[in-house]
Amino acid sequence: MGEELGRWAEPGLLVLTSLAEGPKHGYAITMDIAEQAGVTLGPGTLYAALQRLEERGLVEGLPADGRRRPYRLTAAGAAELAGQAQRMRRLATLSLDRLQVRPA
Amino acid sequence: MSGDPRVVRALVGCYPPQWRHRYGEEYAQLLHDMQVHRRPRLVVDSLLGAARARGALMSERSPLALPVWSAALFTAAGIGFAKLAEDFPGIAATAHTVMVIASAVALLALAVAAAPAAVVLFRGRADGAWKYVAVPVAAAALWYGVVRIAVATAAGHAVHSGPNVAAFAMIVAAGLGVLAATAWAATRVLQRVPVAGPGRLRPVTVTAMAAGMVGATIAVLVWGLRVRLADAAAFDGDQGLMATSFVSSWIAVLIALCAASVLSGVAARRHLTASWRPRLPGA
């Protein structure tokens, strides 16, 4: 399914989508993304995405639970994800209209 | 982390120290949870992540590295020009003055670009950066020692004699070493400074630096052509650097100035592009 998502399987977007459900630590994020999107994010890919998202203020780390640190979406992260989702929806609608395909 | 399997410790150890300080423990736990030692694909992914982290650290933490190195090259060329021009007092005075002013603009612009970093350094907020400040001082002291040895070696020999030329070459090589060491130390300090200054300051100052270098390069080109018109014999003679011909020395200085101008121009372009590029989400 990861291949089916193509460019929408971009790690940062997947992480934001996963955290939209609520705070999660690294392993929970990878499990959620694998389950929901069918994409297995490697540890290096996941933390590269988390670091960039954190630097840009889109996610923030919470106090660590043992050695596992949960991350949550910030208001800016939620706005960014909403904007991306809207753009994806408009593109999907446009594509389906032009292909004259009815949404399932 | 000491209780983790060796492969986990090794993979975390591949990341740069600053990264490990922030993410090391939780990353080790993730590698442990994912049973990375049984999944070679994840080992490769972690290694690629470490390489990216090191690359990002180098490129993101030293945006002034290219301007600093171009300034070092420019300074070397400028000293070469000063040495070349000292035998031609009064010739092409206007071009000479323009060269001096343009150089001052270029180096002043770099100083302004680096000023926020200097403020952070003097306020003691750049851990581990002070040791690099000692590098140019130590290099200059070493250079002075080389000069003393070179002067003693060349004493009593004619200007164009082998020992004298060798002594001068030694001084020049040591001087280039001082410039390189200073530029290296400056980039190391800038890598460790946690603030960047006002958003528009760097693009403007780096662009001003590039403009100053281009102006200085054109001034040296004009100066050499004026020397040719004013004193054709000297132009074709051997009054160049290290007893070489004037023309070859002049061209060497011009090439170094052109290279410094191109490097600073590339840096200015990068800074201007970055300052106008909209922020993208984590990719």
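Residues are numbered from 1 along each chain as its sequence is written, and chains are lettered from A and ligands numbered from 1 in the order in which they are written. In this predicted model, local features need pLDDT of at least 70 and side-chain atom pairs count only at pLDDT 80 or more, while totals for chains, interfaces and linings use all residues.

Confidence is given per residue as pLDDT, the predictor's confidence on a scale from 0 to 100. Chain A has an average pLDDT of 87, with 88% of the residues scoring at least 70. For chain B the mean is 84, and 89% of the residues reach 70 or more. For the complex, the predictor gives an ipTM of 0.86 and a pTM of 0.57.

Chain A contains five helices and two strands, where helices (H or I, at least four residues) and strands (E, at least two) are DSSP runs numbered from the N terminus. Along the sequence these elements follow the pattern α-α-α-α-β-β-α. Among the elements of chain A, the lowest mean pLDDT, 41, belongs to helix H1 (residues 2-5), and the highest, 95, to strand S2 (residues 71-73). Over residues 1-7 of chain A, pLDDT stays under 50. The model has eight contacts beyond four places in sequence for this segment, two residues being in contact if their C-beta atoms, placed from the backbone, lie within 7 Å. Among contacts in chain A between residues at least 6 apart in sequence, 52% join residues at least 24 apart. Of the 104 residues of chain A, 33% count as buried. A residue is buried if 20 or more other C-beta atoms lie within 10 Å of its own, exposed if 12 or fewer, and partly exposed in between, with C-beta atoms placed from the backbone.

Between the chains, 22 residues of chain A are in contact with 24 residues of chain B. On the chain A side, helix H3 (26-37), helix H4 (43-55) and helix H5 (75-99) each supply at least two residues. H4(A) provides the largest share, eight residues. By residue class, this side of chain A comprises eight nonpolar, seven polar and seven charged residues. Here Ala, Val, Leu, Ile, Met, Phe, Trp, Tyr, Cys and Pro count as nonpolar, Asp, Glu, Lys and Arg as charged, and the others, Gly among them, as polar.

A nonpolar core is a set of buried Ala, Val, Leu, Ile, Met, Phe, Trp, Tyr and Cys residues joined through C-beta atoms within 7 Å. The largest such core has 54 residues, and those with the most contacts inside it are B:Leu73, B:Ala77 and B:Leu257. Two or more residues each come from helices H4 (65-85), H5 (93-122), H6 (130-154), H7 (162-192), H8 (201-230) and H10 (246-276) of chain B. The largest share of this core, 11 residues, is from H4(B). Domain 2 (63-120 + 199-283) and domain 3 (127-192) of chain B each give at least three residues to the core; the domain bounds come from an automatic or database domain assignment. Another core, of 35 residues, lies apart from this one and includes A:Ile29, A:Leu73, A:Leu81 and B:Met34. Leaving out residues up to four places away in sequence, B:Leu257 touches B:Phe74, B:Ala77, B:Met213, B:Ala216, B:Thr217 and B:Val220.

In H5(B), the buried residues include B:Ala95, B:Met99, B:Ala106 and B:Leu110. The buried residues of this helix pack against H4, H7 and H8 of chain B. H5(B) has a kink of about 45° at B:Ala115, shortly before the proline B:Pro116; the bend at a residue is the angle between axes fitted to the seven residues ending there and the seven starting there.

B:Ala129 lies in the loop between H5 and H6 and counts as partly exposed because it has 19 C-beta neighbours inside 10 Å. Beyond four places in sequence, B:Ala129 touches B:Leu121, B:Val189, B:Arg192 and B:Val193. B:Ala129 and B:Leu190 are 61 residues apart in sequence and 8.4 Å apart in space, C-alpha to C-alpha. Most residues other than glycine have a negative phi. B:Gln35, in the loop between H2 and H3 of chain B, has a positive phi near 50° and counts as exposed, with 11 C-beta neighbours inside 10 Å. B:Ala92, in the loop between H4 and H5 of chain B, has a positive phi of about 50°, and is buried, with 22 other C-beta atoms within 10 Å.
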